[in-house]
Amino acid sequence: MFDPQGPTLRELTVQALSSVERGYDLLAPKFDRTPFRTPEKVLDAVVDTLRPLGPFESGLDVCCGTGAGMGVLARLCERRITGVDFSAGMLAAARSAHPGVPGGPAVHWVRADALRLPFVPAFDLAVSFGAFGHFLPEQRPALFARVHAALRPGGRFAFPVGAPPRIGSALYWTLWGFDAAMRVRNALWRPPFVMYYRTFRLPEVRRELAGAGFAVETLPLEDLGRRPDGSPRARLVVARRE
Ligand SMILES: C[S@@+](CC[C@H](N)C(=O)[O-])C[C@H]1O[C@@H](n2cnc3c(N)ncnc32)[C@H](O)[C@@H]1O
């Protein structure tokens, strides 16, 4: 699962016993060699699905990490792209991986907590990948309200969600076990490391986005295929600021 040049078990343990921010600072140099970095095939599928909704001028990658979503924005936005994350280590890795290209959009990096995004309504596209597990369900309305406030009227907030694993499948029990271990860890150890896989459920998320002022639709990510019952393996949530 892990690249031999990725983090060692000891490094992952130290990371998991830190705060989220400090943990990512420590992991940053090797983050792109972990399975936590959003895979290119997911990023490509998002680009293909978003492109017909463009063109876009200015894009924001919320919880950008080492910049997986910045590559998406660079392909879709014409003027300016901004990555925001609270880990200085992740931002440093992102900055060296995405210096910008002549003729491409201007690239900016901002260190900030996504729950306190410091932006006026300047963006027409916001994306986020692989980070919602770091927010407790009760924090999501504030997160969605901050993204909403950063978008121009008509701007879109887009992110992929995988189909929930079939109850009783190997993946179901793996995620269940991970979340249970995290709950035990957080009951016994400070600072907490908030990372839960099974708290981000589409029906609740849709309601919360609507509550923040978004009109929500979902589009199948066709490039990621379909399940045996014909339903898409993953969808793109596209929330439009009304
Ligand atoms: C699993 S990584 C995902 C990085 C990247 N988006 C990707 O898909 O590869 C999660 C990122 O979310 C950031 N993060 C978590 N909570 C955050 C918060 N409250 N504000 C800003 N960034 C946050 C972490 O620092 C980390 O870089």
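Select domain 2 and domain 3 to begin: their C-alpha centres lie 24 Å apart. The domain bounds come from an automatic or database domain assignment. That assignment gives domain 1 as 1–36, domain 2 as 39–163 + 201–241, and domain 3 as 165–200. Contact between domain 2 and domain 3 takes 7 residues from domain 2 and 6 residues from domain 3, where two residues are in contact if their C-beta atoms, placed from the backbone, lie within 7 Å. The side of domain 2 that touches domain 3 comprises 4 nonpolar, 2 polar and 1 charged residues. In these classes Ala, Val, Leu, Ile, Met, Phe, Trp, Tyr, Cys and Pro count as nonpolar, Asp, Glu, Lys and Arg as charged, and the others, Gly among them, as polar.

The model on display is predicted: local features need pLDDT of at least 70, side-chain atom pairs count only at pLDDT 80 or more, and totals for chains, interfaces and linings use all residues. Residues are numbered from 1 along each chain as its sequence is written.

**The ligand shell**

Next, select the ligand and the 21 residues around it, of which Thr-38, Cys-63, Gly-65, Phe-129 and Gly-130 come nearest. A residue is near a molecule or strand if its C-beta atom, placed from the backbone, lies within 6 Å of it. The elements that give two or more residues to this shell are α2 (20–27) and α4; helices (H or I, at least four residues) and strands (E, at least two) are DSSP runs, numbered from the N terminus. By domain, the shell draws at least three residues from each of domain 1 and domain 2. By class, the shell has 12 nonpolar, 6 polar and 3 charged residues.

Keep Cys-63 selected and inspect its backbone: phi is near 60°, a positive value in a residue other than glycine. Cys-63 is placed in the loop between β1 and α4.

**Helix pairs around α2**

Display α1 (residues 9–16) with α2; their axes come within 8 Å and cross at roughly 155°. Axes are lines fitted to C-alpha atoms, for helices over the stretch in contact, and angles run from 0 to 180 degrees between N-to-C directions. The angle makes α1 roughly antiparallel to α2. Angles under 35 degrees count as roughly parallel, over 145 as roughly antiparallel, 65 to 115 as roughly perpendicular and the rest as oblique. Here Val-14, Gln-15 and Ala-16 of α1 meet Gly-23, Leu-26 and Leu-27 of α2. This contact divides into 4 nonpolar, 2 polar and no charged residues.

Tyr-24, Asp-25 and Leu-26 in α2 meet Ala-88, Gly-89 and Met-90 in α5. By class, the residues of this contact are 4 nonpolar, 1 polar and 1 charged.

**The pair α3 and α4**

Move to helix α3 (residues 40–50) and helix α4 (residues 68–76), whose axes come within 10 Å and cross at roughly 30°. The two helices are therefore roughly parallel to each other. On the α3 side the contact is made by Leu-43, Val-46, Val-47 and Leu-50, and on the α4 side by Ala-68, Gly-71, Val-72, Arg-75 and Leu-76. These residues divide into 7 nonpolar, 1 polar and 1 charged.

**Two cis peptide bonds**

Most peptide bonds are trans. Select Gly-54 and Pro-55, which are joined by a cis peptide bond with omega about 5°. Pro-55 is found in the loop between α3 and β1 (56–62). Finally, go to Arg-190 and Pro-191, where the peptide bond is also cis, with omega near 0°. Pro-191 lies in the loop between α7 (170–188) and α8 (202–211).
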